[in-house]
Each structure stands twice: as C-alpha cells, then as structure tokens.
Amino acid sequence: MTPRLVLFDIDGTILLTAGAGRRAITGALAELVGARSAFERIRFDGKTDPQIVSEMLTAAGDPGPHDDERVRSVCERYVALLERELATTSGTRLMPGFPAILDRLEAEAGVVLGLLTGNLARGAALKLRAAGLDPARFKVGAYGSDAAHRPDLPLIAARRAERFFGREPAGAEVVIIGDTPAVGACGAGIGARAVAVATGAYSVADLAACGAHAVFPDLGDIDSALEAILA
C-alpha cells in the first residue's frame, strides 16, 4: 500500500467543545480591550488561532498590523482560559466515527496519523484530552502556533513526517481531513488530497465545491471513509 500521512483537523472534524474555545478566546481578548459585541461576528472555522486573535483585535478597533508578541500574549492567555473552560464544561464530544476510524487507520501498514489544525499545539492537546483521546496517537502535527497562515501548515506537517517516510511525503501520500472549504485549498501547495466532512458549519454541497476529493456527511460510515482516505 502507498504510505499515507493522514492529517485531521480538530474542531468540527474530530470533536466539538460546546463553545469552550470561543468563550476562552473572547475572554482573553476582553481582558485586553474590553468586551465587544463585534467579537460575535468573527467566524472561527477554517482559521488559525493567531488569525482569529488578529481579526478580533481589528473588530475591537485596532486595525493593525498587530505586533506578533501581542498576539502571542493573547494566545497564551487564551490557552489558560481554555484549560479552565474544558475542566468545567462537560459538553466536549467526539464526532461520528471517532475513535473507531483512528483505530482502523492505526492498524493499516504505512499510515501515519497526524493533525493539521489552526489550534495552538497546547490548545489542541487540551481539546483532545477533554474528548478522551490521547494526543500521542497523532505522530505528526502542524498547528496555529507554527504559522498564522493556514496554507503554510501542510508543508510543515510533511517536513515533520520525514522521519517516518525517509523523505517528505507529498501528493496523494498526504490526505487532509477537515470540515471547512479550507480543506480543499490549504494542501494544494504539496498536492495533498482532501477529504471533507459536513460535521461543522458547511453542507455537503458547500464542501463539494471546494475541490475536495471526497465529501461525507460525517465519518460514521468508516469503510467508505477509509476507502476514500486510502485510495
């Protein structure tokens, strides 16, 4: 079988946190600039955490450019608040097909599981643990803490996977799974294949238009999902 680096998004793809992430990041910004009703208009899906912070600062009346250290400081405070939110919120849940699809992929020779997410690395681990998943199952990761520009993340992940493949995987060897139209575009630079799931804010029709190689309502039909991932 052709080796595969399978990279999952987190929010809306693997799990949902019942709004803990939005509450935490909004709380971190409110400590800095005060509460703003404009924060409610900022969409989070398909973006990195630093990008979200920058957009929220702009919505608060600071048009930027935003100092990297300032954004980093807000992100660090966000992670602290996220940990508290997740500890006091019982609504974190896995999406259909999880964790069974991870079990099946781990059993496939040549498959390396990874994450490609706009979450900061620390935030990603917190969310996975809150849903009962061990972050160590994902051998490779590219995060919002690596780059604020999401299309930069697939190459970062591929470089980190070199130790498993003996080279940087590229093309159909890399499969990116996510729930937003960004899944179809962000991996284009390395020729990655995209599998989209309509478990977030976008419909099957929305995702079919984004250039994904396969689209599913969710990953509950594990055999069909595996066929698309490993094709």
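Which helices each supply at least two residues of the lining of the largest pocket? The legends below answer this and describe further close-up views of a predicted model.

**Figure 1. The largest pocket and its lining.**
Helix H1 (20-33) and helix H2 (49-59) are the elements that each supply at least two residues of the lining of the largest pocket. H1 provides the largest share, namely three residues. The space in this pocket amounts to about 540 Å³. Its lining consists of 28 residues, and Asp11, Gly12, Phe44, Asp45 and Lys127 are those that lie nearest the centre. By residue type, the lining of the largest pocket contains eight nonpolar, ten polar and ten charged residues.

**Figure 2. A charged side chain over the ring of Phe44.**
Arg22 lies over the face of the Phe44 ring, at 3.9 Å from the ring centre.

**Figure 3. The second largest pocket and its lining.**
The volume of the second largest pocket is about 410 Å³. Of the 18 residues in its lining, Pro50, Arg72, Cys75, Gly144 and Ser145 lie nearest the centre. At least two lining residues come from each of H2, helix H3 (68-88) and H5. H3 contributes the largest share, with six residues. The lining of the second largest pocket divides into eight nonpolar, five polar and five charged residues.

Rolling a probe the size of a water molecule over the atoms shows where empty space is left. In this model, the count is one cavity of 30 Å³ or more. The space in the largest cavity is about 60 Å³. Which residues line the largest cavity? They are Asp9, Leu116, Arg150, Ile176, Ile177, Gly178, Asp179, Thr180, Ala182, Val183 and Cys186. Strand E6 (174-178) and helix H8 (182-185) are the elements that give two or more residues to this lining. E6 gives the most, with three residues. Six residues of the lining of the largest cavity are nonpolar, two are polar and three are charged.

**Figure 4. The aromatic pair Phe8 and Phe98.**
A pair of aromatic rings is described by the distance of the centres and the angle of the planes. The model contains one aromatic pair. The ring centres of Phe8 and Phe98 are 5.7 Å apart and the ring planes stand at 75°, so the pair is edge-to-face; the cut-off for this class is an angle over 60 degrees. Phe8 belongs to strand E1 (residues 4-8), while Phe98 belongs to the loop between strand E3 (93-94) and helix H4 (100-106), so the pair ties together parts that are 90 residues apart in sequence. Are these two residues buried or exposed? Both Phe8 and Phe98 are buried.

**Figure 5. The salt bridge between Arg104 and Asp223.**
Side chains of opposite charge can pair when their charged atoms come close. The whole structure holds 13 salt bridges, including one between Arg104 and Asp223, whose closest N and O atoms are 2.9 Å apart. This pair links distant parts of the chain, with Arg104 in helix H4 and Asp223 in helix H10 (residues 222-230), 119 residues apart. Arg104 has a relative accessible area of 38%, so this residue is partly exposed.

The closest N and O atoms of the salt bridge between Glu106 and Arg137 are 2.6 Å apart. Glu106 is part of helix H4 and Arg137 is part of the loop between helix H5 (121-130) and strand E5 (140-142), so the pair ties together parts that are 31 residues apart in sequence. The relative accessibility of Glu106 is 38%, and therefore Glu106 counts as partly exposed. Arg137, at 18% relative accessibility, counts as buried, because the cut-off for this class is under 20%. A network of salt bridges links Asp103, Glu106 and Arg137.

**Figure 6. The salt bridge between Glu173 and Arg167.**
Glu173 and Arg167 form a salt bridge in which the closest N and O atoms are 2.7 Å apart. Glu173 has a relative accessible area of 14% and is therefore buried. Arg167 has a relative accessible area of 36%, so Arg167 is partly exposed.

Terms used: Residues are numbered from 1 along each chain as its sequence is written. This is a predicted model: local features need pLDDT of at least 70, side-chain atom pairs count only at pLDDT 80 or more; totals for chains, interfaces and linings use all residues. Side-chain values use heavy atoms; hydrogens and water are left out. Rings of Phe, Tyr and Trp (its six-membered ring) pair if their centres lie within 6.5 Å; planes under 30 degrees apart count as stacked, over 60 as edge-to-face and the rest as tilted. Helices (H or I, at least four residues) and strands (E, at least two) are DSSP runs, numbered from the N terminus. Buried means under 20% relative accessible area, exposed over 50%, partly exposed in between (1.4 Å probe, protein chains only). A charge sits over a ring if NZ of Lys or CZ of Arg is within 6 Å of the ring centre and within 35 degrees of the ring normal. On a 1 Å grid over the protein atoms alone, a cavity is a set of points where a 1.4 Å probe fits but cannot get out, and a pocket is an open set with protein on both sides within 12 Å along at least five of seven lines; lining residues have an atom within 4 Å of a point. Grid points are joined across faces, edges and corners, and a volume is the space filled by probe spheres set on the points. Ala, Val, Leu, Ile, Met, Phe, Trp, Tyr, Cys and Pro count as nonpolar, Asp, Glu, Lys and Arg as charged, and the others, Gly among them, as polar. A salt bridge is a side-chain nitrogen of Lys or Arg within 4 Å of a carboxyl oxygen of Asp or Glu.
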